[in-house]
Each structure stands twice: as C-alpha cells, then as structure tokens.
Amino acid sequence: MTDETIETVKIAAEEQGQRLDRVLAARIPALSRSRLKALILDGQVVIAERTIRDPASYVKSGDTVTVTLPAPEQPKPAGEPIPLNIVYEDDALIVIDKPSGLVVHPAAGHATGTLVNALIAHCGDSLSGIGGVKRPGIVHRLDKDTTGLMVVAKTDAAHRALSAQFANKADSGIERGYLALVWGAPARPKGTIDAPLDRHPQARDKRAVRAGGRQAVTHWQALERYVGADGKPVASLLACTLETGRTHQIRVHLAHIGHPILGDASYGTGFKTKASLLSPAARAVLEGLGRQALHAYLLVIAHPITRDVLRFRSELPADLGRLRRALAENPSAGRKRSK
C-alpha cells in the first residue's frame, strides 16, 4: 500500500474570490471536482495551517492550499482467524474487548491483521455493510494501542440505530468511559475539557487543540494519586467520559491540561524526565509498557432493536494493572486516593 500524497497550490491573483473546489479542480486536473469536494469535507484541505471544510469557501490571492490525498484503498478485506474476546453477541450486534496492538480497520500500513479481518472471519456475511468495504459494522473506533470495549453492528438496521446513538450522546443516554494513568495530579477532583480539535499543523497523523476545529468535550474525575520519590504527586488515575468522539480526543485533551497519558509516545514525550521520580519497579513497568495507558472500561448503549439498556464493564488489562500496582507500591510514599 502506498503512502498518502500531498498536492500544493498557490492561489494566483486572477483566482482571488473564486470557490475553493472550483480553483482546485482547475489546478489539479487529475482529480474531479466531486473528489476534491469529498476531500474538503473530510478535512484533507488546509490553508494557512487551518483546515477548511467548506467547498464553497472563497480563496485569496497568495494563499497556499495543501491537499492531502489518502493512500489508495485496497480490495475488500478478507476474514482472518484472529482471536476475539467477545463480551456479548446476538443477531444485531457484537461487543468485544479489544487488546492492545489491534488496529480496528485496514488503513495505510495495516492492510491485514485488523479487527475487521477478525470480525469478517467470525461473523461472515452478517456484518453491516453501511461502513463500506473497509469498515463493515464499525460504529466507533479505538486507537491501535488503546484497549477496551467496542460495539460492532451485525445488521444495517443495528448500524443505523447505533450510529444515531453515538451522534446524539446527550439525548441517547450512551456512555463511553475510559481509565487513564496520567502524569501529575490535577488540582481539582474533577473537571471538563472543552477544546476544539483539528489536524496538527505539522504532523498529519496527529491532532491538536486548534481554534476553528471540531467541538470536543471530555469530562474527567480523579480516582487515585500516586506520590513520587520527592513526596509529591507524580501520577494519577483518571476516569474520563466522552461527550464527543474525536480522533485521539482523550489523549490530546489530557496533554492540553498538562497531564498527558503515561506511555503516550505522540502526546506525552515532554514528560519523559518525570520517570526519574518513579520507583524502580514502576519505572521498569512503564518502560516495558510500549503503549499509552488508556483503557475503555465502560460502554452503555440502548440495544438497537429491543431498546433495552446494555451496560458493559471491562477491568484494566494485565499490563495496565501491573503499572497501577507499581505506582501505588512506591516505597517512598504510597497511594493517595482522591476525595
């Protein structure tokens, strides 16, 4: 599979005030106007480090427009005998507890070995096709190295109903809860992060808090604090709930308030020196973790057919459980529970 490609267009004086999609169609003849419109709506077009999602936007002379073309899609994925930890299953849906390292659907660099490949093998032709050939049944996603609960639709009717719940969380009663082991300790016992997210201006595979981005709201509550070698809180266990579901939302939001997730190589690199404050045991566990310490522990949905409330919980996986115990057993201090 080839990587994504970038097209750059410098707006000429005579193009001042014209529609963005029209100018791009004229300047990039290899792409149709409808294809360019889809790319704009998908957030693949940037002007002056700002993502533009309106095809009818007017361009200005001198603007530099960057268009990202995702890698060409591969053929329909095939089923693969990948073990699944199934929490619940009926004719309409399946709930799985995703392990670390499992990509949800085929994408650049991960054409096979994904959750979708495993689901196709397990469910056969019963998976909903609304998500397209690359994402059959997928209603929501977890990052590759985030563990925990996911629901997958097995019929088109279930997919439509579940998608409506995820799109209208406040009205549907849906809950998505996460546990995160983070650096430092918030000054307050709980809070809300309301900060818009968009593509990172320098790294296309990352997200950042940016004005004009899509609304993103995360609620958090401190459950435990862990004291370091200096007698001060060095890490915490937070419970987070999502009001919106943006890519990397919890990871970016927690880093934004100064408490990035332990082990997060994308958003927590500036806190590596904090590891010196951990006990040798905790430092060793963290160094061997190899991922962000984030787990989707709670999922509450209404059954798409019966409307019964389904509530699922997942305990911390073994690797995060070891890290939590090591942090709590710091011989210099011990664990402090938040009140």
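## Packing of helix H2

The buried residues of H2 pack against helix H1 (20-27), strand S2 (45-47) and strand S4 (64-69); a contact requires heavy atoms within 4.5 Å. Helices (H or I, at least four residues) and strands (E, at least two) are DSSP runs, numbered from the N terminus. Helix H2 itself comprises residues 33-41, and its buried residues are Leu36, Leu39 and Ile40. These residues lie on the same side of H2, because they cover an arc of only 100° around the axis, the arc being that of the directions from the helix axis to the C-beta atoms. Buried denotes under 20% relative accessible area, exposed over 50%, and partly exposed the range in between (1.4 Å probe, protein chains only). After H2 comes Gly43, with a positive phi near 80°.

This is a predicted model, in which local features need pLDDT of at least 70 and side-chain atom pairs count only at pLDDT 80 or more, whereas totals for chains, interfaces and linings use all residues. Residues are numbered from 1 along each chain as its sequence is written, and side-chain values use heavy atoms, with hydrogens and water left out.

## Helix H6

Helix H6 (residues 249-256) is mostly covered, with six of its eight residues buried. The buried residues are Gln249, Ile250, Arg251, Val252, His253 and Leu254.

## An exposed loop position

Ala187 is located in the loop between strand S8 (175-183) and strand S9 (190-194). Its relative accessible area of 79% makes Ala187 exposed. From Ser61, Ala187 is separated by 126 residues in sequence and by 48 Å in space, C-alpha to C-alpha.

## Overall dimensions and composition

The protein chain contains eight helices and 16 strands. Its C-alpha trace spans about 70 × 50 × 40 Å along the principal axes.

Of the 339 residues, 48% are buried. Among contacts in the protein chain with a separation of 6 or more, 68% involve residues 24 or more positions apart. The accessible surface comes to about 16,100 Å², and 49% of it belongs to carbon and sulfur atoms, as computed by the Shrake-Rupley method with a 1.4 Å probe.
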